[in-house]
Each structure stands twice: as structure tokens, then as C-alpha cells.
Amino acid sequence: MRVQKFLESNQGKAVAYRQLFRTAQNGQFDLYMLFFEKAIAVLKDGGRLGWSVSNTFLRSSSGRTTRQIIAANCAINELVEFDARKIYPDAVIQIVLAILQKTQHEAHCRHVWIRGQRGSLLSLNALHDDRTVDQPQVEVELLPPDNFRHPDWSLYSSQGKVVLGRMASTGRPMREYGVRLTTGIVTGADSIFLVRELHQVDQHTTLVRVRSGAQFPIESALLRPMIRNR
């Protein structure tokens, strides 16, 4: 639950949480971040924490304090992310399975992407049984501990960081061009565009129809059911 919704229903408790939790002192905190902070505080040394939770804390500025607390107290053993937006029937949200251990000993993190909108359970079983070679929809990277030593985590492998570094050092920086770059649809506060989903073209693309009748393909990851499953 985002803080804006919580303020509407229980402003007094939201104010109290801001005083009690570091993760609530950021202006745009989400309630699940408080659970991370509390769980790590009560976890015994060597104890493990495994949660299925929103993945927004991995990359957002509002999740920076959560990442700081995790990095200072825990080794991150595994992060499993999903393309599918409907892992749970009553929620439309991107999920990460996070497994942490409260320890000062560093460990490599297995970062997994489960591609596609279907077959998540089959992919998880293959991951559990170490049969990911035959599952092209399951991408596994082993990330070094130094990727998580600071609040701005890097979810790229060493090879991926080398490629990104080469890209950054080649050609003209985008800021030198006379163009405006925008981030697109990133939060629930952005404009809502109503479309009807016709069918899935491939693993990453869906054909949609707008009110005028025009049809066009759109990235499946951009579609979010907002009103009556549309």
C-alpha cells in the first residue's frame, strides 16, 4: 500500500510510522518496506528471511533506505523476478522472491528472471530442481557481493557491467542532442489509456485496440488492468 492511500485512511498511524521506521522517512514509502525493516531487526544472527514482495524497492529512489538496511545487515542469497503481472489472482504487481540471511559474511546472489506471462510454477520447479538448462524462459546470473555493498544495487553480472561501460564510453552523450527524453508510464499517478487486449502476438508483444477501432502492437509489460480487467 502506497503512503498516499494510507494517509487517506489513517493519517495518525502514518505519522507514527515516520517516527518509528527509517524506511518510512522517505516521502514515497510503501508499507511493505516497514515489514522489511522490522523483520531484519528481529531476525537472529544467521537467520534467513524469504518473502514474496513487490520488486519496486530494487531500483526505486523510495527503496533506497530499504536497500541500505538490507546491505548493512544481510547477505542477499537470491532474487527471483517475474515478467508476469498476475502471480496472485487479486493483485496486479511485479513480484520478486527475496531470500536474505542476517550475517556479515558476504555471499554471491543468484538473480533469476522468469520470462513470459504463463508457466511461472513450472519455471520455479525447474529452478528448484536445477533443471534451468532446458527452460529458455528462466535466466540465471550469479552476482558478486560487491554489487550490493552500496544503496544503489547493480543487478547486472560482471559481463553485463562491462558491456554497459563500453556503451557509456562510446559516441555522444544523449544530453548533447536537442531532444527531450521522458520515462513513460512508471507510476499509478500517470495518465491511463484505455485499450482492449485482443491477443498476445509473441512473448513480449500484445495486440490492442483503442476506442477509435485502430489496432496496434504494444509491449506486454506496459499493460496494466485498471478498470474491469482492461
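Reader: What does Arg67 touch, leaving out residues up to four places away in sequence?
Author: Arg67 touches Phe57, Leu58, Arg59, Ser60, Pro151, Asp152 and Trp153. Contact means heavy atoms within 4.5 Å. This is a predicted model, where local features need pLDDT of at least 70 and side-chain atom pairs pLDDT 80 or more, while totals for chains, interfaces and linings use all residues. Residues are numbered from 1 along each chain as its sequence is written, and side-chain values use heavy atoms, without hydrogens or water.

Reader: Is Arg67 buried or exposed?
Author: Arg67 is buried, at a relative accessible area of 3% (buried is under 20%, exposed over 50%, partly exposed in between, with a 1.4 Å probe and protein chains only).

Reader: And what does the side chain of Arg67 reach?
Author: The backbone oxygen of Phe57, at 2.7 Å.

Reader: Which helix is Arg67 in?
Author: Helix H4, residues 64-73. Helices (H or I, at least four residues) and strands (E, at least two) are DSSP runs, numbered from the N terminus.

Reader: How many bridges do E1 and E3 have?
Author: Seven, in the antiparallel sense, with E3 covering residues 95-102. Ser52 has Leu97 in E3 as its bridge partner.

Key:
Polar contact = N/O pair within 3.5 Å; in protein donor to acceptor, adjacent residues only side chain to side chain. Pairing = 2+ DSSP bridges.
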